[in-house]
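Dear colleague,

Please find the structure below, together with its sequence. My notes on what was found follow it.

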Amino acid sequence: MEGLSGTNIVYNTFYETRDDITEQFGIMWGQIKAPLIVPLLRISVFLCLVMSVMLFVERVYMFVVITLLKVFGKKPQKKYKWEPLKDDVELANSSYPMVLVQIPMYNEKEVYQLSIGAACGLSWPSDRIIVQVLDDSTDPITKNLVEIECQRWANKGINIKYEVRDNRNGYKAGALKEGLKHSYVKQCDFVGIFDADFQPEPDFLWQTIPFLVHNHELSLVQARWKYVNADECLMTRMQEMSLDYHFSVEQEVGSSTHAFFGFNGTAGVWRIAAIDEAGGWKDRTTVEDMDLAVRASLKGWKFLFLGSVKVKNELPSTLKAYRYQQHRWSCGPANLFRKMCMEIIRNKKVSLWKKVHVIYSFFFVRKVVAHIVTFVFYVVVLPATVLVPEVEVPKWGAVYIPAIITLLNAVGTPRSLHLLVFWILFENVMSLHRTKATFIGLLEAGRVNEWIVTEKLGDALKLKSATKAFKKHRMRLGDRIHLLEFAAGAYLFFCGCYDIAFGTNHYFLYLFIQAFAFLIVGFGYVGTFVPNS
């Protein structure tokens, strides 16, 4: 009986303590809610609505422009002078421009043969092309394999150069910069750049070089990416949807309206004189490609996007690789915006309209606002209004605007419309890392210059066996658990439960589904789902 009495005392003490803590928390919440939480949340809602409207206007503008281009627009061959390059009896092959093809790589054991083989297979007069492999590999086995592959193609009569450095200073930008310093490059007029997993078609140069030869104001011709592993899993399908919008809308609109867009870092041909005039490659950010494009544009050079020319490449097929890539792609532009904003404003070679486009549309809305509003509004602020019913979000801001933006984003990949809900959930989850990376770039915080090469698995034939190996690798608990996603998922789940119990906003269905998405990614399962079609 004494033991039972002691248990009751402990039991009662526990519940009394719990009730006291709950009561104290309730009193504290009541004291700070009206004077502090409600005003802050209202300000947050207002700012998020403003950013949503900015993004909405940008998306509608691009939709209108791309629609007009599809209906009334001229093809690049009609907008710019284009005619096939022809043989000259007197000059022979010397009538063709000298072309350098650069392939920067770093420990690309799975894909080096693909890229080198594709570059060496480009159709162009053999004495007017130089293939330059820039190998920064630190793995001696991989480095030896790449050198042997280069020698194999050299024995076939290909003019291929294998170049290495003593260090990796500047990463990719440093390698490309050093590559242009070699004496044999002085005879070259244009340079084609392909990352290690890119495989251009043999006629790539015949389709792109004529634009540069016949239009001296053009400095860059950018091709579109074609993904060899888009159907591998649900995560690669989500990436395809996002990238298809980028190429089919953002790049196309930029090329047609302002002759400006961000160089994608690969699958493009540059006029070497334009690179030199712009100041060459710089490694001050992790987006050396965008940096060069902005500087060249400020010098008055124009760019052309060729959506009809596609270059095969590989999408990241592991969540870890994709997160590293998205950190670089989000942090770099924000950091470049910080560094170049005043330089763009002070520039006198470009029009005011183009300055507004680059600063407001290209940088601020697409590279900063788009990431921040997605996470802050839909993952933080909107759920918080459930806990603070005094703050309301108008239906047009909570439902109509995001629905229209989502539909406009989906036009790039019609075949994946049935996956739209999954894409929304996945984008909201990834916005956590993009927002974090954006603030790191704007504030130049710790990981601002972090450069981790995106992991590649090889061509489509290798993917099936390689994917199984990587799935086993991902089974390790330490690789699968992502605490930030768990925290966000727990927060959304709590808000959903609160909405069912006390709320009036009725967001609980969205909150539970989005919480589930965060938890799935938190466990690292997103890359294992394979869509049916």
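Contacts between residues 24 or more positions apart make up 82% of the protein's contacts that have a separation of 6 or more. Please bear in mind that this is a predicted model. The protein has 533 residues, of which 53% count as buried, and its secondary structure comprises 17 helices and 7 strands.

Ser-219 lies in strand S5, which covers residues 218-227. With a relative accessible area of 0%, Ser-219 is buried. When neighbours within four places in sequence are left aside, the residues in contact with Ser-219 are Leu-212, Val-269, Trp-270, Arg-271, Ala-274, Trp-301, Lys-302 and Phe-303.

The other residue, Val-448, belongs to a loop, the one between helix H13 (420-443) and helix H14 (460-474). Val-448 counts as buried because its relative accessible area is 9%, and the cut-off for buried is under 20%. Val-448 is 116 residues away from Gly-332 in sequence, yet the C-alpha atoms of the two are 7.3 Å apart in space. Beyond its neighbours within four places in sequence, Val-448 is in contact with Thr-286, Cys-331, Asn-335, Ile-440 and Gly-441.

Next, a helix that deserves a look is H11, at residues 352-387. What is the span of H11 between its end C-alpha atoms? It is only 45 Å, whereas a straight helix of 36 residues would span 52 Å at 1.5 Å a residue.

Finally, I turn to the second largest pocket, whose volume is about 470 Å³. It is lined by 20 residues, and those closest to its centre are Lys-70, Lys-74, Lys-75, Pro-76 and Glu-252. Two or more lining residues come from each of helix H1 (2-72), helix H2 (76-79), helix H7 (234-257) and strand S7 (302-313). Which element gives the largest share of this lining? That is S7, with 5 residues. By type, the lining of the second largest pocket consists of 7 nonpolar, 7 polar and 6 charged residues.

With kind regards

Terms used
Residues are numbered from 1 along each chain as its sequence is written. This is a predicted model: local features need pLDDT of at least 70, side-chain atom pairs count only at pLDDT 80 or more; totals for chains, interfaces and linings use all residues. Side-chain values use heavy atoms; hydrogens and water are left out. On a 1 Å grid over the protein atoms alone, a cavity is a set of points where a 1.4 Å probe fits but cannot get out, and a pocket is an open set with protein on both sides within 12 Å along at least five of seven lines; lining residues have an atom within 4 Å of a point. Grid points are joined across faces, edges and corners, and a volume is the space filled by probe spheres set on the points. Helices (H or I, at least four residues) and strands (E, at least two) are DSSP runs, numbered from the N terminus. Ala, Val, Leu, Ile, Met, Phe, Trp, Tyr, Cys and Pro count as nonpolar, Asp, Glu, Lys and Arg as charged, and the others, Gly among them, as polar. The expected span of a helix is 1.5 Å times one less than its number of residues. Buried means under 20% relative accessible area, exposed over 50%, partly exposed in between (1.4 Å probe, protein chains only). Contact means heavy atoms within 4.5 Å.
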